[in-house]
Amino acid sequence: MSAADWQALVTTLQLAAVTTLVLLLLGTPLAWWLARTRSRAAVIIEAVVALPLVLPPTVLGFYMLVALGPHGPIGGTLQAMGLPHLAFTFTGLVVASTLYSLPFMVQPLKDAFAAVGERMLDVASTLRASPLDRFFSLVVPLSRRGFLTALTLTFAHTVGEFGVVLMVGGNIPGETRVLSIAIYDHAEALDYASAHVLAGGLLAASFLLLLTIYMVNRRYRMIHL
Amino acid sequence: MSIAARFQLRYPQFTLDVDLELPGRGVTALFGASGSGKTTLLRCIAGLERAAEGRLRVKGETWQDENTFLPTHRRPLGYVFQEASLFPHLTARGNLEYGRRRAAEPLERARLDHVIELLGIGALLERHPDQLSGGERQRVAIARALALKPRLLLMDEPLAALDLKRKQEILPYLERLHDELDIPVLYVTHSPDEVARLADHLVLLEDGRALASGPLTSMLARLDLPIALGADAGVVLETRVGALEPDWHLMRLDFPGGGLWSREQGLPLGHKARVRILARDVSLATEPPGPSSIQNVLQGQLDALADEEHPATLLARVRVGEALLLARVTKRAASQLALAPGQPVWVQIKSVALLDAS
């Protein structure tokens, strides 16, 4: 692997890690709200959350590019405040990836939260647990498998994204050039050997990651969860 | 009376509207058919349901009124749910400690050990809920609620999800708790047997309203209420073992009004025992009966007569000392004996059912 490829790998892992962390913080309360609310607005939010599943990544990428760029509502506002806009930056990539991977975090968490059930929460409140306490002492441990699935899928999905990255981030080495783009570059340049190393590595790593998760999840089930 | 509860709650299909004064000690049974509002009332008291109009004072403390609504986790209560409610990711011990750790003033370690022994769960503490039987799970759930040292214990049909055998397994534990712990208990049930065995006070619920409320013994002796505790009308008496006749294997159960001979059950002198006497096992005579195989004959005074569902029979209420007994007699017999309230009668009791031998 060339130095440039190593750099792409590091950028990819950084992007996936930051995105997963951001989504864990934002997606958990959103999933909790969706699992518990009786509000009619919830279906609209659910549909919006699921959009990235069906939308071509280029569509999302295009709108993100416009929004984050110097003339967009987000990028323009930032510039007016004396800050740089976000198009073709790592931060811009994180913002776009967060949106793009949102359903992969929210759906499994929502299902896991819903499975905890009203009764268990009632029980916990009769045992003196406050709402926040109930969430951390009961909902989180009972949703361990949901969290594991959500984190894995989000991470893996972010590693594998291409269209959104290309639209929002471009191809700046060390900043926005990720593995999937590097593979594309190698294939374009007919350097199949390098493309094989990266593509095969990604394939094997993704498979091993998922295999580990499913094995751990199965063990959880066997130890009373 | 130290629990005052007033709730009005409207759902599309159901309205709860009760105003109750309940005793601050002993077991109060909330009794009624399914859909009568028993569980909803209990959930209102726990704060799990928020009645639009509600007032609740427990032993001088306001839990809810126009301006106050104490959330469930701040109410010093214990709640035993109908179905399995143990946290699956914790062991039985972990479940006990979950609430105990959070309680401001949990049950002292020594008393918790006593409760664990009382409920017979000492050997189960390291197991997870899925390694426990239904009855064992429910016993752990009861201990978990008691470990909070609640000032009020709410039990929502704790035996309903169990089969008859498991019920028989837990009932003695509940009776022991009743005898040994000084916590007021609100006990939701639709089982006449549980009411007869456990309750001191009875609230009769129907369609979201409280039909009547009072001490169990007098509620069961009321002629104006359709309290069919089981197939048959009957009263419950609190007695003590007053004499033993080992040669005949008999014991005498004394109550304020007389004594009843019954088969001995290995109870020591002075032991408390609760008995049930069904109206169909009681007959009346207007003169002292002659020699008879019936050993329990008491003198009393006819208190009241009331019609029953079947046109052939009447329920007669007789005062014996401080106790009230019910007897079923045919209208023809009542007419031939010219039974009238106020007249002295002799009560012959064919059978006495011991309810708890704990």
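Strand S17 (residues 313-320) of chain B pairs with S18(B) in the antiparallel sense, over 8 bridges. Two strands pair if DSSP finds at least two bridges between them. Strands (E, at least two residues) and helices (H or I, at least four) are DSSP runs, numbered from the N terminus. Across this pairing, B:Arg319 stands opposite B:Leu324 in S18(B).

This is a predicted model: local features need pLDDT of at least 70, side-chain atom pairs count only at pLDDT 80 or more, and totals for chains, interfaces and linings use all residues. Residues are numbered from 1 along each chain as its sequence is written, while chains are lettered from A and ligands numbered from 1 in the order in which they are written.

Both strands belong to an open, antiparallel sheet of 5 strands in chain B, ordered S15-S19-S16-S17-S18. The edge strands each pair on one side only:

| Edge strand | Residues |
|---|---|
| S15(B) | 282-285 |
| S18(B) | 323-330 |

Now the contact between chains. Chain B brings 18 residues and chain A brings 15. Residues are in contact if their C-beta atoms, placed from the backbone, lie within 7 Å. On the chain B side, strand S6 (77-80) and helix H2 (92-102) give two or more residues. H2(B) gives the most, with 3 residues.

Helix H8 (residues 144-159) of chain A has 16 residues. From first C-alpha to last, H8(A) reaches 23 Å, close to the 22 Å expected at 1.5 Å a residue. The expected span is 1.5 Å times one less than the number of residues.

Conventions. Contact = placed C-beta atoms within 7 Å.
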